[in-house]
Amino acid sequence: MKFLDELEWRGLVKDVTNRDALNERLENPISLYCGFDPTADSLHVGHLQQIILLKRYQAQGHHPIALVGGATGMIGDPRPTTERSMLTDEDLARNIAGIGSQIERIVSSDNNPVRILNNRDWLGDLSMLDFLRDYGKHFSVATMLSKDTIAKRIQTGISYTEFSYTILQAIDYLHLFKNEGVQLQIGGSDQWGNLVSGTELIRRVEGHESEVYGVTSHLIMKSDGTKFGKSEGQNIWLDPERTDAYEFYQFWINTSDEDIIDFTKRLSFKSVAEIEAIEVAFKEAPHLRHAQKELAKELTQIVHGDAGLDMALRMTEALFSGNVQNLSVEELRSAFKGSSSLDVAEAKTIVDLLVDTNILPSKREARQLVKDGAIRVNGEVVNDAEFIITKENAIGEQLTVIRRGKKTYHLINHVSV
């Protein structure tokens with residue numbers, strides 16, 4: 001199976017400017033790029049498909065470039081709905097540094113590293129007269145209006161600033177073709193219009209014999225129609241300060257059965273045969289979540305490294321077994337981020353604590369649950385109603401984890417009076 005054929009099998013090819021010619025061209029190393037707008041100081045899992053695509057090309061011996069839009073980020077790729085907010089120079093600089101380091105870490109290689117370029121280096125000094133004379137004359141307004149994203153905004157309104165974005169992105173491709181030998185641009189399916197603008201500008205400026213290509217991939221969509229990349233409404237970031245390795249790992253563990261094989265094909269570096277074997281095993285026993293575990297381990301290692309994966313696995317095992325005493329205070333706060341958190345300033349018996357913090361409504365019910373062995377304190381069953389919860393026997397002298405039943409956790413913060 002050729003490389004492009006495998007990408008199609010994985011669901012990573014939607015539109016191609018010249019498939020047969022590109023298939024042949026990929027027999028030898030090619031320089032390619034993908035653009036990333038610095039709208040935040042971290043990328044999120046929604047960007048992973050394109051980052052991993054760069055890494056796939058890299059593994060085939062091709063030369064990847066990640067283009068960070070220091071100039072185009074000042075404008076913003078038109079959204080289907082409303083205008084983007086303008087970023088300050090300070091915000092842009094911070095965002096560029098953040099996402100650049102993340103891409104470098106993920107698309108790492110000793111002998112063929114990814115190059116991070118910033119389009120402000122060539123667009124920043126472009127004058128309006130040069131823009132109109134050298135580039136604007138090559139674009140038909142009628143053609144630009146037919147682009148999907150722009151067409152959707154005609155009714156609600158679009159500024160000339162965002163209308164001109166596609167020209168700036170085309171200039172990027174032309175610059176990279178002339179100065180870096182880039183012949184391929186990749187992107188999500190929503191970037192098809194911009195990719196075509198770039199290939200057309202190159203041929204008009206450099207001649208129709210210029211050999212350049214564009215490939216888009218299907219956007220990742222969840223089967224239930226909700227947006228991919230969020231957990232309980234929050235983005236899953238690639239920055240460990242925003243989303244730690246455990247939370248990242250759990251995001252993939254919780255992938256639905258309907259989505260997991262599609263996501264595995266798109267995001268895993270496992271071979272076709274390996275993925276087909278995973279799919280067989282998964283369908284035979286979906287309750288074991290074998291496919292989710294395999295993808296979670298692989299992506300956590302790629303994004304957070306060996307240390308991050310080790311932490312995620314250790315935390316997962318500790319919570320599964322109930323042996324939370326092996327976790328640090330910081331790890332516990334991460335693991336129980338969604339559980340109730342209560343402040344306690346003095347030592348209390350287990351019964352008094354359960355009632356005073358409203359974990360249970362009455363001392364009678366609290367005593368009964370303690371007697372039945374249904375209450376665990378820091379992973380240990382407590383069946384003595386007079387057992388005292390103190391700061392001194394808390395984990396790190398800061399936290400006590402109360403487990404009621406099999407799945408209900410409460411985090412007790414021991415605070416000073």
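This is a predicted model: local features need pLDDT of at least 70, side-chain atom pairs count only at pLDDT 80 or more; totals for chains, interfaces and linings use all residues.
How are H13 and H15 oriented to each other, roughly parallel or roughly perpendicular?

Two packed helices are described by the angle between their axes and the distance between the axes. Here, helix H13 covers residues 260–267 and helix H15 covers residues 290–321. Their axes come within 10 Å and cross at roughly 30°. Angles under 35 degrees count as roughly parallel, and H13 and H15 are therefore roughly parallel to each other. The crossing of the two is left-handed.

Let me turn to strand E11, residues 375–377, which contains Val377. Val377 has a relative accessible area of 7% and is therefore buried. The C-alpha atom of Val377 lies 35 Å from that of Ile302, and the two residues are 75 apart along the chain.

The loop between E11 and strand E12 (380–381) holds Asn378. Asn378 is not a glycine, yet its phi is positive, at about 50°. With a relative accessible area of 5%, Asn378 is buried.

A positive phi also occurs at Asn358, where the value is near 65°. Asn358 sits in the loop between helix H17 (350–356) and helix H18 (363–371). Asn358 is exposed, at 66% relative accessible area.

Finally, the surface. Met128, Leu132 and Tyr160 form a nonpolar patch there, and together they have about 320 Å² of accessible area. Tyr160 belongs to helix H9, residues 160–163. Because its relative accessibility is 47%, Tyr160 counts as partly exposed.

Key. Residues are numbered from 1 along each chain as its sequence is written. Side-chain values use heavy atoms; hydrogens and water are left out. Patches are made of residues with over 30% relative accessible area and no salt bridge: like charges are joined within 9 Å, nonpolar side chains (Val, Leu, Ile, Met, Phe, Trp, Tyr) within 5 Å. Accessible areas come from the Shrake-Rupley method with a 1.4 Å probe; for residues, only the protein chains shown count as cover. A salt bridge is a side-chain nitrogen of Lys or Arg within 4 Å of a carboxyl oxygen of Asp or Glu. Helices (H or I, at least four residues) and strands (E, at least two) are DSSP runs, numbered from the N terminus. Buried means under 20% relative accessible area, exposed over 50%, partly exposed in between (1.4 Å probe, protein chains only). Axes are lines fitted to C-alpha atoms, for helices over the stretch in contact, and angles run from 0 to 180 degrees between N-to-C directions. Angles under 35 degrees count as roughly parallel, over 145 as roughly antiparallel, 65 to 115 as roughly perpendicular and the rest as oblique. A crossing is left-handed if the near helix is turned anticlockwise from the far one by less than a right angle, and right-handed if clockwise.
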